[in-house]
Amino acid sequence: MTISKIILPLTFLIFSFAAVAEGNTFNDSFNKAKKMLERQVYKDHRVTIYCGANFDAKKNIQAPEGFVTTTHLKRAKKVEWEHVVPAENFGRAFSEWRDGHSNCVDSKGKLFRGRKCTEKLNKEYRYMQADMHNLFPAIGAVNALRSNYNFVMLPGEVKSDFGSCDMRIDSRKAQPPEMARGSIARTYMYMEMTYPKYKMSKQQSQLMEAWDKQYPVSKWECKRSKRIEKLQGNANQVVDSRCPSTKF
């Protein structure tokens, strides 16, 4: 076998891996990402991920029948953009998040760390934070109560925190409604495949693989992925590989 015959397949593999691993390098502004999602991606599908609530162009929520909440009442009236993979889950991989930095000093001369410091100093983090493939609309109160908790399957005795919206939260863990599990799983898998800074635990990975198989992609999930790719410049290969070949 000639050297050229060996090099060509290797080159193809290298480029294939690069295409799969490519993340957001288009926009590092979280605020800009939210505006693009609202105006260009969800313009004709204003529906939240967890509860299926409708929202309008002014971010007002029309709660589904039977939805209730006893906390974050003001936030329950507005849509917010939720990191399905919480920012902290990948943010703590950055030293600025864990340890802070000498350039992270507030007006009183006090050092700070965490999200604020990482967002200020690290462009790689900002790209991850603004990745629209990981951002979904949610009722503000649901987003607030979910916080940065990992998704799990909770014991059967744990009941919904939001009435007819079957989002269950207990002991700093969250169980999402069935309607959201497939999208959640493919988002987690996308983030791990795309960004070396983020890794799921073995238990989390097994759950996401199970949900991916159990809850197939919808037509909207495929359309959403393609719209984001056109705006952001990179594909969600996990979602796309499970979609029919139809163009959206």
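How far apart are the end C-alpha atoms of helix 10, and what should its 14 residues span at 1.5 Å a residue? The first legend answers this. The model is predicted, so local features need pLDDT of at least 70 and side-chain atom pairs count only at pLDDT 80 or more, whereas totals for chains, interfaces and linings use all residues. Residues are numbered from 1 along each chain as its sequence is written, and side-chain values use heavy atoms, with hydrogens and water left out.

**View 1. Helix 10 and what covers it.** The end C-alpha atoms of helix 10 are 20 Å apart, in agreement with the 20 Å that its 14 residues should span at 1.5 Å a residue. The expected span of a helix is 1.5 Å times one less than its number of residues. Helices (H or I, at least four residues) and strands (E, at least two) are DSSP runs, numbered from the N terminus. The buried residues of helix 10 are Trp220, Glu221, Cys222, Arg224, Ser225, Arg227, Ile228 and Gln232. Buried means under 20% relative accessible area, exposed over 50%, and partly exposed in between (1.4 Å probe, protein chains only). Helix 2 (30-41), strand 4 (135-139), helix 8 and helix 11 are among the elements covering these buried residues. Just after helix 10, Gly233 takes a positive phi of about 95 degrees.

**View 2. Ile228 within helix 10.** Ile228 has its place in helix 10 and is buried, with a relative accessible area of 0%. Leaving aside neighbours within four places in sequence, Ile228 is in contact with Leu37, Val41, Met132, His133 and Gly233. Contact means heavy atoms within 4.5 Å. Pro216 is twelve residues from Ile228 in sequence, and the two are 19 Å apart in space, C-alpha to C-alpha.

**View 3. The largest cavity.** The structure holds one cavity of 30 Å³ or more. About 50 Å³ of space lies in the largest cavity. On a 1 Å grid over the protein atoms alone, a cavity is a set of points where a 1.4 Å probe fits but cannot get out, and lining residues have an atom within 4 Å of a point. Grid points are joined across faces, edges and corners, and a volume is the space filled by probe spheres set on the points. The lining consists of His133, Phe136, Ser183, Thr187, Glu221, Arg224, Ser225, Asn236 and Val239. Helix 8 (178-194) and helix 10 (219-232) are the elements that give two or more residues to this lining. Helix 10 supplies the largest share, three residues. By residue class, the lining divides into two nonpolar, five polar and two charged. Ala, Val, Leu, Ile, Met, Phe, Trp, Tyr, Cys and Pro count as nonpolar, Asp, Glu, Lys and Arg as charged, and the others, Gly among them, as polar.

View 4. Helix 9 (residues 202-214) has 13 residues and reaches 18 Å from its first C-alpha to its last, close to the 18 Å expected at 1.5 Å a residue. Gln204, Ser205, Leu207, Met208, Trp211 and Asp212 are the buried residues of helix 9. Seen down the axis of helix 9, these buried residues fall within an arc of 165 degrees, so they line one face of the helix. The arc is that of the directions from the helix axis to the C-beta atoms. On the other side of helix 9, Lys202, Gln203, Lys213 and Gln214 are exposed. Cover for the buried residues of helix 9 includes strand 5 (150-151), helix 8 and helix 11 (237-242).

**View 5. Gln129 in helix 6.** Gln129 is found in helix 6 (residues 123-129) and counts as buried, at 0% relative accessibility. Leaving aside neighbours within four places in sequence, Gln129 is in contact with Phe30, His83, Phe90, Arg115, Glu119 and Leu135.

**View 6. Positive phi in two loops.** His72 has a positive phi of about 50 degrees although it is not a glycine. His72 lies in the loop between strand 2 (61-62) and strand 3 (79-83) and is partly exposed, with a relative accessible area of 35%. Ser147, in the loop between helix 7 (140-146) and strand 5, has a positive phi near 55 degrees. Ser147 counts as partly exposed at 36% relative accessibility.

How values were computed: On a 1 Å grid over the protein atoms alone, a cavity is a set of points where a 1.4 Å probe fits but cannot get out, and a pocket is an open set with protein on both sides within 12 Å along at least five of seven lines; lining residues have an atom within 4 Å of a point.
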